[in-house]
Amino acid sequence: MSTHESRVGYALAAPGILALLLLFIGPTIAIFVIAATDWELGADRLSFVGLENFRVMSVDPGFRAALFNTIVYALIVVPATMILGLVTALLVESTRTWQAFYRAAHFLPAMATMAAMAIAWEALLHPTIGLVNHALIFLGLQPENWLHNRHTVLPVLAAIGVWQNFGNAMVLFLAGLKAIPQDLYAAAAVDGADSPLDRLRTVTLPLLGPTMMFVTIIVGLRSLEVFTSVQILTQGGPDQASNVLLYTLYRESFEYLNTGYGAAITVVFLVMVCTLTLIQARTMDRRVHYT
Amino acid sequence: MSQRPRLWLGAVGRHSVLLVTSLFALLPFLWMVSLSLKSPAEMFQSSYSLWPEHFHAIENYTRALTAAPLPRFMLNGVIVCGAIIALQLLICAPCAYALAKLKFAGRDSLFALVLVALLIPHQVLTLPLFVLCYEVGILDTYAGLILPFIVSPFGIFLLRQFFKAIPDDVIHAARLDGVSELGIVWRIMMPMALPAAIAFAIFSAVSHWNALLWPLIVVQSESLMPPAQGIVAFHNNEVGVEYGPLMAGAVIVVAPLVIAFLFAQHRFIDGLKMGRVK
């Protein structure tokens, strides 16, 4: 390695690396430090309180509701998104007509501006002019104030989460399906598995295993990150029924300016996300060996 | 003999399911467009149709564009997304080239640093970055919207992967021709890794056009708001109770990405797939 090449290497890498240190690594370290203080933004003094913020968190009804709701939300969104994504991927894969239309239609929610689409959902779910209640009345059922009823608000937000994510899951499953070698189906047919359901059971699903694991985690991560729909549609209400992790983080940090406490919530969020991401990285490794 | 009707039934079954799921995916879009074409009186009617009886589109869209600074929000979106993408490529490409093709002590540790940064979800950074912007004095400015995003670990990672696949001979030949190292990055590596750069740019544009959390934190002035935050401000102010103009505003905010998506479906899907899978 020549000294000239080294010097060029450092010079070219430096802006990117310094920016990463300033904007990613430094702030992440700062979060752990701030989480150990009682700092309130704007206050000129702060003191170290150790794990006090985490102790407060463990008895804070707002945080507990947010954590609980986020987990419930994820437990609805992940399986529903997986099933819908997988079913639509299998059907799109096996149809020869309108494939492009179906792919575009299903993927559209994944890239459309969620802030604007949340407002569209609000109009769909509107108690008097919303299409959902109109349909229910037409069918002779009871209309519902979906976003203001503490029993319906979280499932409704989860349905919006499924709506937003299942096209993305479908696209990932389609890529997984494409990677299955066609001769495996021929081999399965020789072994007597020639009905579509047999082929699904003996070839497709087992070979999609790694993709499924991986899509589960992607959708899981997206569920932990739910924020926009909550911020626009419910502000965590009614009475904490739709408070979620990122929303409580936002409120404590930037509305109440409880900087130290907000940082502690951020640490919890970071640990949850990193755990899922590391599991994903491990499955990715395994997938490389698999095929 | 019995194969034909069964195949036909299968196709009908598949298309019925897919039409239902497509309707689920498209319903909010259809409803949004439908309301944006209707008059208030028609919205509150008990009888219903997606297509309006009386076309009220011109009134709604005019009101959306004049009652709130919607054109300004859109322009801000273009400025912010454009600046972020340009700076990200400017900073990430040389770094990716150095990490992929140049040999120097500590290179692997620097790449490990990129991988660690890749692991960090951006929401985690909002609080310390907010404090940083506050200390530097760029809250409520374009700089506050743009500078925190000038580097993307995903961008470095993705470009490095593509650069690595380019044969070293290409670089040696360029050096013999007297091309500088930066010249190699911009005139040789980038054109060869164009699909990656485009995928990354699309991912970045979609993320920042749609971003809400960071703008909510850093921007207060309406004149600086990017589209997602703008439509939320519209929703929360007094015009927001008029559903027609509000839906017209939402349509305008969503339209650019949707139109671009319909024209370049595969590039979008690839870009977003790569970005979300990172």
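Biologist: Is Asp239(A) buried or exposed?
Modeller: This is a predicted model, in which local features need pLDDT of at least 70, side-chain atom pairs count only at pLDDT 80 or more, and totals for chains, interfaces and linings use all residues. Residues are numbered from 1 along each chain as its sequence is written, while chains are lettered from A and ligands numbered from 1 in the order in which they are written. Counting C-beta atoms placed from the backbone, a residue is buried with 20 or more others within 10 Å of its own, exposed with 12 or fewer, and partly exposed in between. Asp239(A) has 10 other C-beta atoms within 10 Å, so it is exposed.

Biologist: Where does Asp239(A) lie in chain A?
Modeller: Its phi is near 50°, a positive value in a residue other than glycine. Helices are DSSP runs of H or I with at least four residues, strands are runs of E with at least two, and both are numbered from the N terminus. By that numbering, Asp239(A) is in the loop between H10 and H11.

Biologist: Which peptide bond is cis, with omega near -5°?
Modeller: Look at the loop between helix H10 (228-233) and helix H11 (245-255) of chain A, where Pro238(A) is placed. The cis bond runs from Gly237(A) to Pro238(A).

Biologist: What is the phi of Gln240(A)?
Modeller: Gln240(A) also lies in the loop between H10 and H11 of chain A. It is partly exposed, because 17 other C-beta atoms lie within 10 Å. Its phi is positive, though it is not glycine: near 70°.

Biologist: Is Leu224(A) buried or exposed?
Modeller: Leu224(A) belongs to helix H9 (residues 196-224) of chain A. Contact here means C-beta atoms, placed from the backbone, within 7 Å. Not counting residues up to four places away in sequence, Leu224(A) touches Thr70(A), Ala74(A), Leu245(A), Met272(A) and Val273(A). It has 22 C-beta neighbours inside 10 Å, so it counts as buried.

Biologist: How far apart are the C-alpha atoms of Leu224(A) and Leu245(A)?
Modeller: Leu245(A) is one of the contacts of Leu224(A). The two are 21 residues apart along the chain, and their C-alpha separation is 7.4 Å.

Biologist: What separates the C-alpha atoms of Leu46(A) and Asp194(A)?
Modeller: Leu46(A) sits in the loop between helix H1 (3-35) and helix H2 (52-59) of chain A. It is partly exposed, because it has 13 C-beta neighbours inside 10 Å. Leaving aside neighbours within four places in sequence, it contacts Thr37(A), Asp38(A) and Trp39(A). Asp194(A) is 148 residues away along the chain, at a C-alpha separation of 70 Å.

Biologist: What is the radius of gyration of chain B?
Modeller: Chain B has 15 helices and zero strands, and its C-alpha atoms fill a box of roughly 75 × 75 × 35 Å along the principal axes. The radius is taken over C-alpha atoms, and the globule rule is 2.2 Å times the number of residues to the power 0.38. A compact globule of 278 residues would come near 19 Å, but chain B has 24 Å.

Biologist: How far apart are the C-alpha centres of the two domains of chain B?
Modeller: The bounds come from an automatic or database domain assignment. They give domain 1 (3-58) and domain 2 (65-277). The centres are separated by 34 Å.

Biologist: Which element gives the most to the side of domain 1 of chain B that touches domain 2 of chain B?
Modeller: The contact between these domains takes nine residues from domain 1 and seven from domain 2. On the domain 1 side, H1 and helix H2 (40-43) of chain B each give two or more. With four residues, the one that gives the most is H1(B).

Biologist: Which helix of chain B gives the most to its side of the contact with chain A?
Modeller: Chain B puts 78 residues into this contact and chain A 73. The helix that gives the most on the chain B side supplies 15 residues and spans residues 3-36: H1.

Key:
Two residues are in contact if their C-beta atoms, placed from the backbone, lie within 7 Å.
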